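Subject: Structure handover

Hello,

Here is the structure I promised. Please open it alongside this note; my findings follow below.

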Amino acid sequence: AKTIAGEKGTATERSFVMIKPDGVSRQLVGKIVSRFEERGYKLVAIKSLTPSPALAKEHYSDLSARPFYGSLVKYITSGTPVVAMVWEGKDVIRQGRRIVGATNPQDADPGSVRGQYAVSVGRNLIHASDAFDSATKEIGLWFAEEELSDYEPIAWPWVMADN
Ligand code: GDP
Ligand code: MG
């Protein structure tokens, strides 16, 4: 069924991707956005903001019992903004996780964002939804429906062809 995260397994699938404050402070926004853009995914929404503690806590609510939860919320709400985005296209949730790389940058493929630019798990630059259900939750949490654009990039049929 079609939700705010599109339809799973089709070219309408959407993922929530966020450049964390270290990525913004280190001026890596353009390089990170380019990875998704050049792969052929569609930018559906983008904004920079400093999230409230309530928003950061809700975003990471699954991790509330972990020892690093408090420092994670502090990191995300540091005062340096994040860049929140929605990307769309075939398999974008799984491919987004591959572009981002393993949670611990020391285990991340060197071709991934974390493997190329990050060293510490607590400063790993970027977030991407890990499943269709979390994408649905996260897009709804960070964006209003009116902020999500509906358009077709010029190369879309070439990139998303399945024949
Ligand atoms: P992700 O989906 O790859 O981002 O990883 P998780 O959902 O497991 O964790 C969310 C975020 O919490 C990670 O991206 C890190 O910023 C942070 N995190 C995860 N594990 C650790 C840890 O062991 N120590 C610290 N300081 N932060 C962690
Ligand atoms: Mg996660």
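By class, how many nonpolar, polar and charged residues does the shell around ligand 1 have? There are four nonpolar, five polar and one charged. Bear in mind that this is a predicted model. The residues surrounding ligand 1 are Leu 63, Phe 68, Ser 71, Leu 72, Thr 103, Val 121, Gly 122, Asn 124, His 127 and Asp 130.

Next, the domain record. An unreviewed UniProt entry lists residues 12–150 as "domain: Nucleoside diphosphate kinase-like". Helix makes up 40% of the chain over residues 12–150, and strand 17%. The end C-alpha atoms of that stretch are 10 Å apart.

Now the core. The largest nonpolar core has 29 residues. Those with the most contacts inside it are Phe 16, Val 17, Met 18, Ile 19, Met 85, Trp 87 and Ile 126. At least two core residues come from each of strand S1 (14–19), helix H2 (29–39), helix H4 (69–76), strand S3 (82–88), helix H5 (92–100), strand S4 (126–128) and H7. S3 gives the largest share, six residues. Leaving aside residues up to four places away in sequence, Met 85 touches Val 17, Met 18, Leu 43, Ala 45 and Ile 46.

Last, Glu 152. It sits in the loop between helix H7 (132–142) and helix H8 (156–159). Glu 152 counts as exposed because it has 9 C-beta neighbours inside 10 Å, and the cut-off for exposed is 12 or fewer. Glu 152 and Glu 58 are 94 residues apart along the chain, with 32 Å between their C-alpha atoms.

Best wishes

Definitions and conventions: Residues numbered from 1 in each chain as written. Chains lettered and ligands numbered in written order. Predicted model: local features only at pLDDT ≥ 70, side-chain atom pairs only at ≥ 80, totals over all residues. UniProt positions renumbered as here; feature names shortened; annotations may be inferred. Helix = DSSP H or I, 4+ residues; strand = E, 2+ residues; numbered from the N terminus. Near = placed C-beta within 6 Å. Nonpolar A, V, L, I, M, F, W, Y, C, P; charged D, E, K, R; others polar. Buried ≥ 20, exposed ≤ 12 C-beta atoms within 10 Å, placed from the backbone. Core = buried A, V, L, I, M, F, W, Y, C linked by C-beta atoms within 7 Å. Contact = placed C-beta atoms within 7 Å.
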